[in-house]
Amino acid sequence: MPRKLILPYLCLLYFINYLDRVNIGFAGPNGMSEELKLSATVFGFASGVFFIGYLLLEVPSNLALHRFGARKWIARIMISWGIVATAMAFVPNGTVLIVLRFLLGVAEAGFFPGIILYLTYWYPQKDRARIVALFMVAIPISTALGATFSGLLIQWTDWRTMFLIEGLPAIALAFVTWFWLPDRPEEAVEQPKEEHWPLKKALTHPRILALSFVYFGIVYGLYTLGFFLPTIIKGLAPEAGVVERGLINAIPYVLGAVAMILWARHGDRTGERKWHVAAPMLLGGAAIPVALYLDNPIAAMVAVSVCAIGVCAALPTFWALPTSFLGGTAAAGGIALINSLGNVSGFVAPYVTGWLRDITGTQKTGLWVVGITMVMAAVVALVQRAGTEKV
């Protein structure tokens, strides 16, 4: 595969990966919850249990990628998650849904941190936030386009067919990855100054654990939006059809995609990292609980869009922090640990939000928790040392 095609190809893979992870959010309010008789708590648990399997195998999977090579290991991950994603089309009840979501997390473990590690092989630190932004723009794009595409599939067929159709591309592209994705560039880019960190230090150092909490806060906001925004929009615009709601769902993420790229470029140009992570988190954390206190649907969507902009802008700039001082095996383990601990919020966010909605009858309490968590994580980001300073 030519070098210039590697980043666009990785974006395509992440587009499919993220869509298969969050398309349960589109299925839930469009027939699945009713057919399977899911409460908000059970739906939230099924959405989030994915991250338990993800957490358990993230670090060993990324170490395996570092050892065996990106081409083979990423292809293995893809075919595994594709099989489970297509099986989601045949769930008979909530219990099987929960089991398959857990197995999907097991199958996907190592994909995202593996790609972040892989990008460090190809691009120097000074360009890393911009490159990661171009890769991670697949998140808002998959949510924006995926919402519309999933809405059309559900309208034309049903939620089961949506799962089936959206799971098959991962299996097909696994073979492309196996045969054409190169393991490393012929000439390595410069490595971080603190590459001498041993793996044990990368897995236990307080700095890594603090960065894990920062990422937890970012991802908490991301998955709350991903899993519950379709339901929120249905409440704001009950008269809209499935496709119309999908288009409305796309608006915050289109704005987030633009913000993600522009903010990452600014971070690379200035070389400043901490405020480029904390500032958008503070913005998103302040905006998200405001959304449901606004009676006007347009005003509420503006608040949700501001939150999406904050979350999306913080995501790629965050990864410039750990990759500035981790390299080699330590990078494989440290990046995977940060991602796995951060993604615990992928379980906590939908489950806690759904549980609070069941006991209070409103989304407001859950969204206040999201906002407070993001603000706390932003504060932790600000007290971190600059990436290349010795600890």
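The crossing of helices H1 and H6 is left-handed (left-handed if the near helix is turned anticlockwise from the far one by less than a right angle, right-handed if clockwise). This is a predicted model, in which local features need pLDDT of at least 70 and side-chain atom pairs count only at pLDDT 80 or more, while totals for chains, interfaces and linings use all residues. Residues are numbered from 1 along each chain as its sequence is written, and side-chain values use heavy atoms, with hydrogens and water left out. Helices (H or I, at least four residues) and strands (E, at least two) are DSSP runs, numbered from the N terminus.

**Confidence**

- The protein chain has a mean pLDDT of 84, with 91% of its residues at 70 or more; pLDDT is the predictor's confidence in each residue, from 0 to 100.
- The pLDDT falls below 50 over residues 387-391, a stretch with 17 contacts in the model beyond near neighbours in sequence (contact means heavy atoms within 4.5 Å).

**Helix H1 and its partners**

- H1 and helix H6 (residues 70-87) have axes that come within 11 Å and cross at roughly 35°; axes are lines fitted to C-alpha atoms, for helices over the stretch in contact, and angles run from 0 to 180 degrees between N-to-C directions.
- On the H1 side of this contact are Leu13, Ile16, Asn17 and Asp20, and on the H6 side Ile74, Met78, Trp81 and Ala85.
- By class, the contact of H1 with H6 has six nonpolar residues, one polar and one charged (Ala, Val, Leu, Ile, Met, Phe, Trp, Tyr, Cys and Pro count as nonpolar, Asp, Glu, Lys and Arg as charged, and the others, Gly among them, as polar).
- H1 (residues 3-22) also meets helix H7 (residues 94-108), with axes within 11 Å and a crossing of roughly 160°.
- H1 and H7 are therefore roughly antiparallel to each other (angles under 35 degrees count as roughly parallel, over 145 as roughly antiparallel, 65 to 115 as roughly perpendicular and the rest as oblique).
- The H1 and H7 crossing is left-handed.
- Asn17, Asp20 and Arg21 of H1 are in contact with Arg101, Leu104 and Glu108 of H7, a set that divides into four charged residues, one polar and one nonpolar.

**Ile98 in helix H7**

- Ile98 lies in H7 and counts as partly exposed at 21% relative accessibility (buried means under 20% relative accessible area, exposed over 50%, partly exposed in between, with a 1.4 Å probe and protein chains only).
- Neighbours within four places in sequence aside, Ile98 is in contact with Val42, Phe45, Ala46 and Val49.
- From Ile98 to Gly366 the C-alpha separation is 22 Å, across 268 residues in sequence.

**Lys37 in a loop**

- Lys37 sits in the loop between helix H3 (32-36) and helix H4 (40-48).
- Its phi is positive, at about 55°, although Lys37 is not a glycine.
- Most residues other than glycine have a negative phi.
- With 73% relative accessibility, Lys37 counts as exposed.

- Helix H9 (residues 128-136) packs on helix H16 (residues 297-318) at an angle of about 130°, with axes 7 Å apart.
- That angle makes H9 oblique to H16, and the crossing of H9 and H16 is right-handed.
- H9 contributes Ala129, Val132, Ala133 and Met136 to the contact, and H16 contributes Leu315, Pro316 and Thr317.
- The residues of the H9 and H16 contact are six nonpolar, one polar and no charged.
- Val132, within H9, is buried at 3% relative accessibility.
- Not counting residues up to four places away in sequence, Val132 touches Ile116, Leu119, Pro316 and Trp319.
- Val132 and Ala107 are 25 residues apart in sequence, with 23 Å between their C-alpha atoms.

**Trp159 in helix H11**

- Trp159 belongs to H11 and is buried, at a relative accessible area of 4%.
- Beyond neighbours within four places in sequence, the contacts of Trp159 are Ala27, Asn30, Gly31, Met32, Glu35, Leu36, Met88, Val91 and Ile154.
- Trp159 and Met32 are 127 residues apart in sequence, yet 6.7 Å apart in space, C-alpha to C-alpha.
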